[in-house]
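Here is a short briefing to read alongside the model. Please keep the viewer open as you go through the points.

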Amino acid sequence: MSDNLVPAIEALSARLTEARAAIEPRFIGQEEVVDLTLMALLSGGHALLVGLPGLGKTRLVDTLATVMGLGSNRIQFTPDLMPADILGSEVLETAADGRREFRFIEGPVFCQLLMADEINRASPRTQSALLQAMQEHEVTIAGQHRPLGAPFHVLATQNPIEQEGTYPLPEAQLDRFLVQIDVGYPDRDTEREILLATTGTSEGAASQVFTAADLIEAQALIRRMPVGDSTVAAILDLVRACRPGLPDADPTLGDSLAWGPGPRAAQALMLAVRARALLQGRLAPSVEDVAALARPVLIHRMALSFAARARGESLGTVIDRITDRVTGRLGAAA
């Protein structure tokens with residue numbers, strides 16, 4: 001590791017501790033949810049927040065925009081939402097001298113942090129409007145390529161219970177999300193803090209810690225962090241073990257999966273483990289980071305087979321079983 005990289009990592013780690021403290025007054029508890037969302041931003045990726053209404057998903061995204069100094073927009077996805085409502089459109093204007101020309105009016109996607117609220121409520125045609133934006137950070141309208149803001153991140157939300165009138169996201173779009181973050185109920189003590197903090201005459205306010213330029217620098221630094229051979233091996237072994245029908249598939253996999261994760265899952269793990277190490281004040285990631293991030297990185301990139309669903313299996317338990325075998329084997333070898 002180069003000498004100038006160590007102080008840069010330590011300084012960024014300290015600033016991230018400050019950022020987490022700034023988020024706390026507005027999003028009480030749920031430290032793992034906050035950390036996973038920050039990991040997605042530090043890795044330059046997008047996150048899918050899955051949870052019931054009223055658990056603070058929108059509040060978290062709004063708070064992150066303030067703390068990270070990002071220009072943000074919110075789109076409430078509905079069945080009648082059209083692609084132009086997201087991307088923007090060209091309008092024909094008449095000048096004072098009678099000349100007519102088209103002018104492009106930017107849609108809400110032209111920002112640095114986009115909240116796609118209840119993304120599965122829009123039609124597939126509208127959902128697909130985000131695909132190019134999420135992957136290439138640009139959109140093509142009327143044959144013209146238009147770059148988006150830098151950085152650009154999508155934080156989308158889904159309600160896992162109410163599926164009537166929804167359109168499940170296609171696998172190609174799910175794969176564009178770096179992590180899936182499950183937002184659960186707070187524990188009793190946390191819920192008590194929320195009650196006291198949010199039902200009084202005033203609420204805690206978040207303060208800005210980063211700027212957009214700072215975040216871009218942090219993303220570049222993440223990619224320079226060293227990753228040990230054992231951690232790289234754990235990432236490769238884990239991803240390849242989850243691919244049914246291939247020689248590297250885990251021997252206990254059987255017929256549990258219809259399909260497994262692609263190379264983008266390994267790329268996501270490679271970035272996310274570095275971000276997790278940084279958030280915890282470490283200079284390099286470990287196999288433990290791979291195990292901790294296996295579920296959020298893989299769970300939306302795999303599908304159970306019909307036989308596994310009939311047996312009552314869940315993706316989470318399959319991932320946990322394979323992760324334990326992979327990381328346990330590497331630990332024994334070390």
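The notes below go from the sheet to its helices and then to single residues.

This is a predicted model, in which local features need pLDDT of at least 70, side-chain atom pairs count only at pLDDT 80 or more, and totals for chains, interfaces and linings use all residues. Residues are numbered from 1 along each chain as its sequence is written, and side-chain values use heavy atoms, with hydrogens and water left out.

**The sheet**

- Five strands make up an open sheet with parallel pairing, in the order β2-β5-β8-β1-β9. Strands here are DSSP runs of E with at least two residues, helices are runs of H or I with at least four residues, and both are numbered from the N terminus. Two strands count as paired if DSSP finds at least two bridges between them.
- At the edges sit β2 (72-76) and β9 (177-182), each of which pairs on one side only.
- On average, neighbouring strands of this sheet are turned by 15° against each other, direction ignored. For such angles, axes are lines fitted to C-alpha atoms (for helices over the stretch in contact), and values run from 0 to 180 degrees between N-to-C directions.
- Four bridges link β5 (residues 113-117) to β8 (residues 153-158) in the parallel sense. Ala116 has Ala156 in β8 as its bridge partner.

- Helix α3 (residues 57-67) lies across β1, β2, β5 and β8, and runs at about 170° to β5.

**Helix α10 and its buried side**

- The 13 residues of α10 (residues 229-241) reach 18 Å from the first C-alpha to the last, close to the expected 18 Å at 1.5 Å a residue. That expected span is 1.5 Å times one less than the number of residues.
- Which residues of α10 are buried? They are Thr231, Ala234, Ile235, Leu238, Val239 and Ala241. Buried means under 20% relative accessible area, exposed means over 50%, and partly exposed lies in between (1.4 Å probe, protein chains only).
- These residues are on the same side of α10 because they cover an arc of only 165° around the axis. The arc is taken over the directions from the helix axis to the C-beta atoms.
- Leu238 is also one of the residues touched by Thr323, along with Ala291, Ala294 and Gly328, not counting residues up to four places away in sequence. Thr323 belongs to helix α14 (residues 315-333) and is buried at 4% relative accessible area.

**Backbone points to check**

- Most residues other than glycine have a negative phi, and most peptide bonds are trans.
- Gln30 has a positive phi of about 55° without being a glycine. Gln30 lies in the loop between α1 (5-23) and α2, and counts as buried at 18% relative accessibility.
- Glu118, also not a glycine, has a positive phi of about 50°. The loop between β5 and α5 (124-127) holds Glu118, which is partly exposed with a relative accessible area of 22%.
- Ala150 and Pro151 are joined by a cis peptide bond with omega of about -5°. Pro151 is in the loop between β7 (144-147) and β8.

**Cysteines**

- The structure has zero disulfides, a disulfide being a pair of cysteine sulfur atoms within 2.5 Å.
- Cys111 is buried at 7% relative accessible area, and Cys242 is buried at 0%.

Terms used:
Contact means heavy atoms within 4.5 Å.
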